[in-house]
Amino acid sequence: MSRAWVAAALLLAACSATVSRDGISNVPGEEVWKTEIELQLGERAMVDDGRLEVTLLRVGVDEASLMVEGPSGAREESVRAGTGGSLQLPPYEIRLLEVGIDDSARIQIRRQWGEYR
């Protein structure tokens, strides 16, 4: 499919996507940035200028329980390592990368474009 057709389809879908030599950008769901944090039990991290707070509550063999406070309020959630175990909290995706033997967890947080500003 040519870029012109893709651009036309995106315009019809009411997206404010950008088409350039580098490809198409600013499409909802596209990664804006990602970061990794390592937390110990009870430790809190503030991400995205404080818009998202993540506290590690419990760890298991391949999962972690988190208190997540973001645009939609505060709630306790579980994430599992591996595919399909991520938490979708628009505009963020939270993924458990690994659990440490010292009750720590390494977590990746990814912000997606077009979900929240």
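Within the predicted model described here, Ser65 has Ser78 of β7 as its bridge partner. Strand β6 (residues 63–70) runs antiparallel to β7, and eight bridges join the two, strands being counted as paired if DSSP finds at least two bridges between them. β6 and β7 form a hairpin, with two residues between them. Helices (H or I, at least four residues) and strands (E, at least two) are taken as DSSP runs and numbered from the N terminus.

Glu69 also lies in strand β6 and is partly exposed, with a relative accessible area of 29%; here buried means under 20% relative accessible area, exposed over 50%, and partly exposed in between, with a 1.4 Å probe and protein chains only. Leaving aside residues up to four places away in sequence, Glu69 touches Arg44, Arg51, Leu52, Glu53 and Ala74, where contact means heavy atoms within 4.5 Å. The C-alpha atoms of Glu69 and Thr55 are separated by 8.7 Å, the two residues being 14 apart along the chain.

## The nonpolar core

The largest nonpolar core has 19 residues, of which Leu52, Val54, Leu66, Ile94, Ile107 and Ile109 touch the most other members; such a core is a set of buried Ala, Val, Leu, Ile, Met, Phe, Trp, Tyr and Cys residues joined through side-chain atoms within 4.5 Å. Two or more residues of this core come from each of β3 (31–40), β4, β5, β6, β8 (87–89), β9 (92–99) and β10 (104–112). Not counting residues up to four places away in sequence, the contacts of Leu66 include Val54, Leu57, Val79, Ile94 and Ile107, and also the charged residues Arg75, Glu76 and Glu77.

Gln108 lies in strand β10 and, at 14% relative accessibility, counts as buried. Beyond residues up to four places away in sequence, Gln108 touches Lys34, Thr35, Glu36, Glu93, Ile94, Arg95 and Leu97.

The structure holds one aromatic pair, formed by Trp33 and Tyr92, which is tilted, with 6.5 Å from centre to centre and 55° between the planes. Rings of Phe, Tyr and Trp (its six-membered ring) pair if their centres lie within 6.5 Å, and planes under 30 degrees apart count as stacked, over 60 as edge-to-face and the rest as tilted. The pair links distant parts of the chain, since Trp33 is in strand β3 and Tyr92 in strand β9, 59 residues apart. Tyr92 counts as buried at 0% relative accessibility, whereas Trp33 is partly exposed, with a relative accessible area of 24%.

## The chain as a whole

The secondary structure comes to one helix and 10 strands, and 31% of the 117 residues count as buried.

## Basis of the values

Residues are numbered from 1 along each chain as its sequence is written, and side-chain values use heavy atoms, with hydrogens and water left out. In this predicted model local features need pLDDT of at least 70 and side-chain atom pairs count only at pLDDT 80 or more, while totals for chains, interfaces and linings use all residues.
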